[in-house]
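Please read it alongside the sequence and the model.

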Amino acid sequence: MEQHSLSFGALLDEKGQLMEAGYATSLAKSYDRNAIKAGKSRIKEWDYYLIYNDCFGVALTLDDNSYMGMVSASFLNFEKPAQRTVSPMFWFPFGKTGFPASSVTGDVEKSMKGAYGSFMHEDGKRHLVFCIENFQDGMPFVCDIWLSDEPRDSMVIATPFPRKRTAFYYNQKIIAMRAEGYVEYRGERFTFDPSDSFGLLDWGRGVWTYDNTWYWSAAQGNVDGHTFGMNLGYGFGDTSAASENMLFVDGIAHKLDRVTFGIPQKDGKDDFMAPWLFTDNEGRLSLRFTPIIDRSSKTDVLVICSDQHQVFGRFTGKVVLDDGSVLQIKNLLGFAEKVRNRW
C-alpha cells in the first residue's frame, strides 16, 4: 500500500474536516480546538505516559473527554506479576482542563479531591508528577519522573472516520525516551534509572464516533546496543491513507505497512494470556508475544462503556529495517492491547 505523508499546515478546514489523512514523523499538522465543528460533547483530549524497566512500571493518564475526565495511575510489577489501577473521574470539564494544542510545548495539570497530576515541560525535559492519596490499602501512590533524550522521530497519524466527516483522530506516539525518577507504592520506593528505564507518550486529540474497537502495541528498550522502540496498531477509523506501524532505532523511524495481531482463541473468545503472534504483509515483522499481566478493566457508567485488555509481556523474533538489515528481538518488554470503547 502506498502511504500518504502529511504536509505541514492546519489539521482542519473551515468545515471542521481533516485537510488530509496520512502519517508523519512529527506534528506536521496544527491542532486547534476552536476549529472543531462537531458537538462539544464529542471532543476528546488526552496525554498518556507509560514508564517502565524490566522489573516495574507506571502508567499515568490525564484526559478530558468533554462530559468526563480522569486522573488515572497504574503500578505494574513484572517480577511478581501484578498491577493496580486507580482512576478518579471528574465530570463535565468540556475543555476546561486546558490541554495544550501541541505535545512540544504547553503544560497540563489537574487537581481534585484525593488526586493530583501534572505533565510539564522543564529544562528541555518532560516532568511528570502524580499523587493519588488512597491508592491501595489506605496508602498513596506518588511519583516524580523526568523524561529526556526525546527521539528525533515519532509516530504521527491523522485519521478520518468514514461515517462522520467532522470526526477525526490526531495522534502522536513518542517512543523510548529515557526515564529517571521514582514511584512510591505501598510504602516502598522504586527508582527509575535512565540506563534501563524508558518512557513513551500517547498524545491524542480528536472527535470520535461513539463505538470503536482498536488494537495497539508498543515496546521500548535496549536492543543489540541500540535504543529500540516500536508502535503497532489498527482498527481505529479509516486508515486507508496510512498505517501507524513504525519501528524506531536510535530515534530514527522505519515505516511498516499493515500488521496483524494474532490473538489466540479459546472457546470462541480471545485468550489474552496465551502467546500472540505478530506479523505484517511485507515479511518485515515476525514476533511472538508472551504475556505476563493482563491489565483489564470494564467500565459501564451511564453512556460510557469501556472494555480494555492491555496485556504486558515480552516480544521475541525479528524485524527488518528500511535498509533491509535484520534486528533480532529477544524478550523485549512491551504491551499489546485490544480496547472497545462506547463513549
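How many disulfides does the structure hold? It holds zero disulfides, a disulfide being a pair of cysteine sulfur atoms within 2.5 Å. The model is predicted: local features need pLDDT of at least 70, side-chain atom pairs count only at pLDDT 80 or more, and totals for chains, interfaces and linings use all residues. Residues are numbered from 1 along each chain as its sequence is written, and side-chain values use heavy atoms, with hydrogens and water left out.

**Cysteines**

- The sulfur of C55 has its closest cysteine sulfur in C143, 18 Å away, which is too far for a bond.
- C55 counts as partly exposed because its relative accessibility is 30%; buried means under 20% relative accessible area, exposed over 50%, and partly exposed in between (1.4 Å probe, protein chains only).
- For C143 the closest cysteine sulfur is in C131, at 9.1 Å, again too far for a bond.
- C143 is buried, with a relative accessible area of 1%.

**Overall fold**

- The protein chain has 27 strands and zero helices; both are DSSP runs numbered from the N terminus, with helices being H or I of at least four residues and strands E of at least two.
- Its radius of gyration is 19 Å, close to the 20 Å that the globule rule gives for 343 residues, so the chain is as compact as a globular protein of that length. The radius is taken over C-alpha atoms, and the rule is 2.2 Å times the number of residues to the power 0.38.
- Along the principal axes, the C-alpha atoms fill a box of roughly 50 × 50 × 50 Å.
- Of the 343 residues, 56% count as buried.
- Among contacts (heavy atoms within 4.5 Å) between residues at least 6 apart in sequence, 56% join residues at least 24 apart.

**Strand 14 and its partners**

- Strand 14 (residues 164-185) is mostly covered, with 17 of its 22 residues buried.
- Strand 12 (residues 139-148) pairs with strand 14 in the antiparallel sense over eight bridges; two strands pair if DSSP finds at least two bridges between them. C143 has V183 in strand 14 as its bridge partner.
- Strand 13 (residues 155-161) is antiparallel to strand 14 over seven bridges, and the two form a hairpin with two residues between them. Here F161 is bridged to K164.
- Strand 15 (residues 188-192) pairs with strand 14 in the antiparallel sense over five bridges, with T191 as the bridge partner of Y182. This hairpin also has two residues between its strands, and R186 in the turn has a positive phi of about 55°.
- Strand 16 (residues 198-207) and strand 14 are antiparallel over nine bridges, where Q172 stands opposite W203.

**Nonpolar cores**

- The largest nonpolar core has 81 residues, and I51, L60 and F141 touch the most other members. Such a core is a set of buried Ala, Val, Leu, Ile, Met, Phe, Trp, Tyr and Cys residues joined through side-chain atoms within 4.5 Å.
- Strand 14 supplies the largest share of this core, eleven residues.
- Apart from this core lies another of 26 residues, including V223, F272, L321 and I329.
- Not counting residues up to four places away in sequence, F141 touches residues including L60, F75, C131 and V183.

**An exposed loop residue**

- G225 lies in the loop between strand 17 (211-223) and strand 18 (226-234).
- G225 counts as exposed because its relative accessibility is 81%.
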